[in-house]
Amino acid sequence: MNEYVFSIDLSSTPSSVIIGYLQDGELHITESDTLDLSSFLPQSSSESKIQDSHEEKISEHPDLSRLRELATIAEKRLATSIIVAPPPHLLTINLSVPPAKREERGKAIALLLEDSLPFDPEEYVYDWYALKTSGSDEPRASEGAPAGRPLQEHHIAGAPHLFVRRIIDACRTANFEPHLIVPPSAALCGAMADIPESRSPQILLHTTSHGLCQLLTLSGMPVFQRFIPSCLPSDHQRIARETTALSLWAEQHFGGRARAVYAFGEGREPKHSPDIEKSTPPNQTKRSLAELAAIAFLNRETRVFLTNLRSGPLAINPLAQRAIQHLPSFSLSALLAIGIFALYVFGISVMRGHKIVTLQDELFAKISSVIPGGKVTPGGEVQALKAENTALNRQLSDLSSAITVSPIDALTTVFRDFPDSNRISLTSLELNGKAVKIKGFSQDYAEIEKLESFLRKRQTKNHKQIYCRIKKELPPSVRADKVAFRFELRICSVD
């Protein structure tokens with residue numbers, strides 16, 4: 001799926017508006033138009049000079065309906081909106097901070113700006129990126145950096161907070177949210193692929209009806225940008241002076257003057273100063289800043305250099321903004337889906353409940369027919385079956401095992417273990433498989449207790465228990481001088 005952009009160039013009148021995507025390094029434009037959007041730009045960055053009827057003028061503009069149509073198309077394609085807007089005062093500066101995490105670097109840059117600027121930095125919004133040496137991820141060391149911990153140089157660009165706020169309000173009047181607001185000079189990053197990479201500084205120019213855009217590159221990286229308002233395309237001498245001044249600045253900071261100047265856009269190539277050693281003709285493709293900004297954003301390598309003035313308190317996450325924008329329709333669909341799912345679960349529950357009741361009725365009837373004398377209550381069928389199974393297992397445990405002890409061995413074991421004395425006498429003995437039932441009398445209870453303890457400890461030479469189950473009873477005795485007893489023994493082993 002292609003990633004689309006909705007790009008508007010407010011730096012020229014009329015403004016170029018495009019919708020496109022990047023494929024194989026080429027920008028494919030699906031929708032384009034030129035509209036008069038001059039009313040989108042506030043006349044001054046001062047609150048007192050901005051008219052209260054700014055939004056009313058925008059809403060009355062005849063090209064606003066066409067812009068809304070293009071915005072609707074862009075929204076259907078989930079396009080990222082980019083506004084190229086020329087601020088009345090573009091602040092650009094390079095500062096050096098120690099390498100650290102992005103949040104910590106941001107705090108350090110804010111502190112340095114407070115010390116470097118002659119006005120309150122909170123009146124501006126800023127964006128920045130780190131400068132690195134060519135072909136390496138190591139930070140570019142600044143002069144005077146302490147040994148062992150080089151300072152990393154950063155390029156910072158800012159614009160008045162009120163100016164950016166007014167651009168956002170104007171776009172909302174056209175029923176779309178601007179995701180990126182970039183200065184015209186930053187949009188020139190999209191032209192970097194059209195020039196050969198060089199280790200010497202190079203200058204990219206673009207003249208608009210609002211001023212001159214300059215971008216200084218070094219080893220394929222934009223290291224400085226400038227926007228000079230009121231520098232008209234016809235003022236060739238001023239353009240040449242500003243270009244020479246930027247070349248001298250590059251020599252002071254990067255050790256060499258600009259070796260080439262590249263002019264983009266519809267304007268004629270300006271006459272350059274003889275101090276600049278080389279100048280190249282304009283690019284053959286006359287691209288607007290709207291196209292260049294779109295290319296810079298869609299190219300992953302140059303996106304990081306595309307200064308976004310919608311930062312700080314005005315920053316926005318495009319994905320989160322789209323989610324909030326589509327929340328009402330999504331909520332309705334979600335509620336409908338939840339309702340359908342609830343009805344489905346309710347229907348399944350009713351069907352399963354009916355099936356369980358039917359099975360319980362059938363099970364009750366079946367168990368009642370098989371166990372006519374059993375006590376079975378509705379809902380207690382499983383408990384009744386468990387009770388019957390327990391009783392059957394208890395009975396089968398005595399009947400299922402094979403008899404491994406002969407009657408002679410059983411009698412021999414019993415007679416050997418019961419002492420022949422006048423204290424204990426046996427009256428009857430019943431042998432049934434492994435079970436032996438013995439009745440007798442004793443002179444006192446102590447003898448019966450000793451006999452029981454002896455039987456429980458009785459083992460074979462191999463330490464196997466002889467009597468694995470012993471049940472003792474003391475029935476009423478017919479003689480007062482005798483104590484009756486009964487033993488039910490289970491013989492498991494014999495000597």
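**Notebook: strands, cysteines and a surface patch**

I looked up Ile-93 and found that its bridge partner in β7 is Ile-156. I note at the outset that the model is predicted.

**Entry 1. Strand β5**

I traced the pairing between the two strands. β5 and strand β7 (residues 152–160) run antiparallel to each other and are paired over 7 bridges. I then checked the burial of β5. Of the 7 residues in strand β5 (residues 91–97), 6 are buried, so the strand is largely enclosed by the rest of the structure.

**Entry 2. Helix α7**

I asked how many residues of helix α7 (residues 289–298) are buried. The count is 10 of the 10, so the helix is largely enclosed by the rest of the structure. I list among the buried residues Leu-289, Leu-292, Ile-295, Phe-297 and Leu-298. I also record that Glu-291, in α7, is buried.

**Entry 3. The disulfide**

I searched for disulfides and found 1 in the structure. Cys-468 is joined to Cys-492, with an S to S distance of 1.8 Å. The pair links distant parts of the chain, 24 residues apart: Cys-468 belongs to strand β15 (residues 467–473), and Cys-492 to the segment after β16 (483–491). I recorded the link of Cys-468 and Cys-492 as right-handed, with 45° about the S-S bond.

I next checked the accessibility of both cysteines. Cys-468 has 42% relative accessibility and therefore counts as partly exposed. Cys-492, at 28% relative accessibility, is likewise classed as partly exposed.

The cut-off I applied for a disulfide is a sulfur pair within 2.5 Å.

Cys-213 is buried, with a relative accessible area of 0%. Cys-231 is also buried, and its relative accessible area is 0%.

**Entry 4. A nonpolar patch**

I looked at the surface and noted a nonpolar patch formed by Phe-415, Leu-426, Leu-429 and Leu-431. Together these residues have about 310 Å² of accessible area. Strand β13 (residues 424–432) supplies the largest share of the patch, 3 residues. I placed Phe-415 in helix α12 (residues 407–417). Is Phe-415 buried or exposed? Its relative accessibility is 52%, so I count Phe-415 as exposed, the cut-off being over 50%.

Key: Residues numbered from 1 in each chain as written. Predicted model: local features only at pLDDT ≥ 70, side-chain atom pairs only at ≥ 80, totals over all residues. Heavy atoms only, no water. Helix = DSSP H or I, 4+ residues; strand = E, 2+ residues; numbered from the N terminus. Buried < 20%, exposed > 50% of the residue type's maximum accessible area, 1.4 Å probe, protein only. Pairing = 2+ DSSP bridges. Patch = residues over 30% accessible without salt bridge, like charges linked within 9 Å, V, L, I, M, F, W, Y side chains within 5 Å. Areas by Shrake-Rupley, 256 points an atom, 1.4 Å probe, with all protein chains shown as cover. Salt bridge = Lys/Arg side-chain N within 4 Å of Asp/Glu carboxyl O.
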